Each structure stands twice: as structure tokens, then as C-alpha cells.
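Dear colleague,

I am passing on the structure we talked about, and my notes on it follow directly below. Please read them with the structure open beside you.

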Amino acid sequence: MASLQEGFQDASCGYVPCPVFVNGNVLTLAGTCATSSTLLIPDGYILNGAGHFIIALDPPGGHFTGPIARNCGGSAFYVNLGLMAMGLSNVCDAGDDTLAGIRFDNASGSVISTQFFNIRQGAGTGSCQEGVGVLIRNQDSLGPTQFVGVQNSLLLGYQKAGVVATGNVSVNITANRFMGAGAIGNIAQSGVQVGLGATGQIINNTISGHSYTGDGVASGILVYGGALYGGPLSSNILIQDNHLFNNDIGVYLSQGNENEDPPATQTNIQVVDNLLHFDSVTNGYVYQAGISDLGTANVIHSNVITGAGYDPATLPGSTFAVDVLAGPAASLAFLTPPRQVPVGFCSGPLIVQTQDSSGNLTTPTTTAFNVTAVGPASPGIQFYADSACAGPAVTTLDLANPQAQGHFYFRATTPGSVTVFVWNSDWTQAQAQLVFIPLDPATPLASAPRMEPRH
């Protein structure tokens with residue numbers, strides 16, 4: 001049975017100065033609570049807000065420092081909670097005194113269905129580089145990787161960033177909403193920052209309103225690292241299915257050496273299937289891009305990028321759909337795996353892209369390519385531009401686009417293997433596909449849906 005306590009203090013680690021119901025390792029807030037000091041969550045405990053808020057206030061004669069809540073053991077979990085700062089003094093702090101909503105220090109855990117409001121000092125018009133919704137850090141590079149999830153949460157009114165993850169951590173940032181302050185001149189905000197060795201996935205978030213009118217840029221998603229930032233590279237990050245609106249840079253991959261050149265090490269970050277839009281130009285530098293990439297062998301494709309703010313024609317040399325530091329085209333690559341498709345059905349997409357010698361996307365000199373097929377299943381095979389294989393058949397691709405990619409689908413009437421060739425006078429690439437008869441065959445409709453996931 002849960003018991004109501006005026007506050008909670010663990011004998012060795014943990015302090016929650018709020019009325020809570022205690023049931024095993026679950027602490028449930030009994031109501032909204034104000035605090036002038038950090039809540040310390042014991043190892044393995046869950047803080048269930050039950051829809052209530054914790055409000056951070058300055059202590060008498062001083063100012064609030066550090067996070068509103070943090071772990072004091074190896075793990076902590078937060079659910080259905082609200083966190084808010086109110087009227088805090090505009091005093092800059094650093095290190096452990098940096099202002100945050102929730103902080104994970106060398107710990108694993110999760111933040112689920114939690115709301116963050118005004119994690120900032122004063123009215124948020126200062127320039128202190130703090131005020132983060134969720135701060136995740138682990139500087140123990142030789143110890144175990146810490147795993148933290150931030151999911152189904154709302155973050156707005158933060159001073160510097162919504163979520164920041166650095167060091168030996170792996171994050172799962174999924175289905176959240178981040179709302180920046182719009183075009184402001186006091187601080188360059190970010191929705192999500194992952195860097196200095198951190199990895200993980202950023203999926204299905206809505207991130208908007210990060211624009212800086214000063215001499216610099218704000219970003220929706222920032223991945224940073226390498227000698228350029230005095231720390232390790234971050235690699236193998238998946239950024240997919242996010243909606244990014246009105247950010248100076250929608251997705252900013254900024255990892256380089258001391259000379260601001262791409263690193264020798266491959267960073268292998270995937271930026272796919274995101275929607276990026278900016279209505280206008282508000283950055284003061286001026287530099288705006290849907291996707292900006294300083295890295296090596298990052299995979300960027302199938303993103304939808306719209307709006308005057310990302311249109312290269314708006315301010316040539318200052319506004320970009322995709323801006324990648326890359327060399328001349330050196331190869332043509334398939335970005336999708338070989339397909340296995342039932343006879344008569346439309347395949348999943350086949351995506352090709354021209355790349356430089358380091359695996360960065362780059363537009364070729366000759367952008368027109370042919371598509372042909374050879375093999376037992378090639379008689380009767382046709383290629384299409386649409387995912388239902390319902391439109392006119394196509395035999396050519398044009399890679400003259402910001403992502404230097406071409407995509408197409410195929411439908412075959414004969415079972416067997418087939419090799420698909422994409423080629424022109426400069427480049428040729430081939431990939432084997434398989435067309436098979438299902439065990440329980442059915443006559444497909446002309447516009448039958450494809451049978452495979454997109455990636």
C-alpha cells in the first residue's frame with residue numbers, strides 16, 4: 001500500500017522535499033510542489049508526477065542552481081511529470097550548477113510524458129549558455145554506455161536547448177515536441193544537441209522555432225564533435241521521420257578536425273525521411289539550410305525540404321536545401337538493400353546517389369542516368385516513379401537535386417533473379433533483386449501496395 005509522506009529522504013541517497021505517496025520504488029507526487037533545491041532521485045526509483053508540477057524558485061538570499069531533479073544513483077525514471085522554473089535570477093552558472101529541468105549524470109533511465117516549461121533564468125532574455133530541459137552526460141569513456149530515453153514529452157520556453165546529450169551515452173529521443181523562442185538575438189538555441197561521443201536515435205519529433213538574429217546560427221537538431229570541438233566524434237546516429245519547422249538549420253551535422261575539414265573517421269549518421277520547412281530568412285549571419293553536413297560518410301536521402309528560407313534561389317550562397325562539404329563525384333551507390341518482391345507486386349523503393357571518395361553525397365557533372373535490367377526476371381519488368389507502380393513506366397533518372405539522389409520502383413511478371421543497372425557515360429552501378437512466387441499466390445491488383453518497409 002502507498003503511504004503519504006510530507007517528504008522523502010533515503011538513508012544513503014535521495015531527497016524529495018514534496019508530499020509524495022511512497023509505494024516501493026515509486027514516488028508519486030500528491031500535488032504541485034515548489035522547491036529551491038534539487039530533488040535527488042534514489043537509484044532505480046520512479047518519480048511519477050501524476051500530472052502535477054515541480055516549480056523551481058530562488059532560495060531566500062540566493063539563486064537556484066543545478067537541475068530541478070537528478071539521479072543520485074545509477075538510474076532514475078520520470079513519468080507524467082511537469083517541471084517549471086519561475087522568476088529565477090539571471091545569473092550565469094557552469095558545471096554542476098548549470099540550470100536544467102532533469103539531469104542524468106553517468107546514469108540510465110527515462111523521461112516519459114513529461115512537460116517542461118520555462119527552464120530559464122528571468123524572462124529568458126539573458127545569454128547564459130544554460131537552461132536545458134533534459135541534460136544527459138557521461139564522461140566515463142571507459143565505463144559502460146548509459147541509455148536514456150526521452151519520449152512523448154513537451155518542451156518549451158527553455159533557454160538554451162530542449163535535450164542535450166554528451167559523452168558515453170545512447171539516447172532514444174522519440175515522439176516529443178520542442179518549441180523554441182523563434183527569432184531572437186540573445187542566444188542561439190537548439191531543440192536537440194547530441195555530441196562528443198553520444199549516439200542513439202532521434203525519431204518522430206516535432207522541432208520548431210530555433211532562429212538566431214545574431215552572428216551565428218540556431219538549429220533544430222545539432223550533432224557535434226571531433227577536434228573542432230575538443231572532444232570525440234559522435235557516430236551511428238539515426239535521425240528519421242522528424243518534422244522540423246523554422247529552424248536556421250534543420251539538421252546540423254558539425255563534426256570536423258582542427259581546420260574545420262571533414263574528419264578522417266567515418267561518422268555514419270543517417271538523416272532520412274524528415275520534413276524540413278522554413279517560411280523566410282530570419283537568421284542574422286546569414287546562413288540557413290534544411291540540412292548542413294560537415295562529416296564523413298553520413299547518409300542523407302529522402303528528406304522533403306520546402307520554403308523560401310531553405311530555397312537556394314532566395315539568397316544564393318546563404319540559403320540552402322542541403323549543404324554538404326564534399327569533393328567531386330567518385331561513385332554511384334545504391335542506398336537501399338536488395339529487394340525480394342512477389343511476382344506482379346510493386347517493389348519497395350530503390351534509391352541511388354552519387355558520392356565523393358569519402359561517401360559524402362555530391363551532385364555529378366552529368367545528372368541524367370538510365371535504368372535497365374538483366375536476368376531471368378527481366379522480361380516484362382518495368383520501372384516506375386511512384387510507389388504504387390501505377391504511373392507511366394520510366395527508364396531514366398535525374399540526380400540534379402540537393403540530395404543527389406534518384407528513386408524508383410519496379411514490378412516484374414516473371415519470377416527469378418534480376419540485376420538492375422543504373423548507368424550513364426560516367427558511372428555504372430548494379431544491384432541484384434529477387435522476384436518470387438508466393439506460397440499462397442493471389443492475383444494482385446494493378447495498384448497493389450508494395451510488400452516491404454521503405455528502409
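Phe408 counts as buried because its relative accessibility is 0%, where buried stands for under 20% relative accessible area, exposed for over 50% and partly exposed for what lies in between, using a 1.4 Å probe and protein chains only. Please keep in mind that this is a predicted model, in which local features need pLDDT of at least 70 and side-chain atom pairs count only at pLDDT 80 or more, while totals for chains, interfaces and linings use all residues. Residues are numbered from 1 along each chain as its sequence is written, and side-chain values use heavy atoms, with hydrogens and water left out.

Phe408 belongs to strand β42, which covers residues 405-411; strands (E, at least two residues) and helices (H or I, at least four) are DSSP runs, numbered from the N terminus. If its neighbours within four places in sequence are set aside, Phe408 is in contact (heavy atoms within 4.5 Å) with Gly348, Pro349, Leu350, Val371, Phe383, Tyr384, Leu397, Val420 and Val422. Between the C-alpha atoms of Phe408 and Gln266, which are 142 residues apart along the chain, the separation is 28 Å.

Asp105 is found in strand β13, residues 100-105, and this residue also counts as buried, because its relative accessibility is 15%. Its side chain is joined to that of Arg103 by a polar contact of 2.7 Å; a polar contact is a pair of N or O atoms within 3.5 Å, of which, within protein, one must be able to donate a hydrogen and the other to accept it, and residues adjacent in sequence count only if both atoms are side-chain atoms. Not counting residues up to four places away in sequence, Asp105 touches Arg70, Asn71 and Arg137.

As for the cysteines, the count comes to 4 disulfides, a disulfide being a pair of cysteine sulfur atoms within 2.5 Å. With bonded cysteines counted along the chain, the pattern is 1-4, 2-3, 5-6, 7-8. Three of these bonds are described below.

Cys13 is joined to Cys72 with an S to S distance of 1.8 Å, and the disulfide is right-handed because the torsion about its S-S bond is about 140 degrees. Cys13 lies in the loop between β2 (8-9) and β3 (15-16) and Cys72 in the loop between β10 (67-71) and β11 (75-79), so the pair ties together parts that are 59 residues apart in sequence. Cys13 is buried at 17% relative accessibility, whereas Cys72, with a relative accessible area of 23%, is partly exposed.

In the disulfide of Cys18 and Cys33 the sulfur atoms are 2.1 Å apart, and a torsion of about -75 degrees means that this bond is left-handed. The pair links distant parts of the chain, with Cys18 in the loop between β3 and β4 (20-23) and Cys33 in strand β6 (residues 33-35), 15 residues apart. Both Cys18 and Cys33 are buried.

Cys92 and Cys128 likewise form a disulfide, with their sulfur atoms 2.0 Å apart, and the torsion of about -85 degrees makes it left-handed. Here Cys92 sits in the loop between β12 (82-85) and β13, and Cys128 in the loop between β15 (115-117) and β16 (132-138), so that distant parts of the chain, 36 residues apart, are linked. Cys92 counts as exposed at 53% relative accessibility, whereas Cys128, at 3%, counts as buried.
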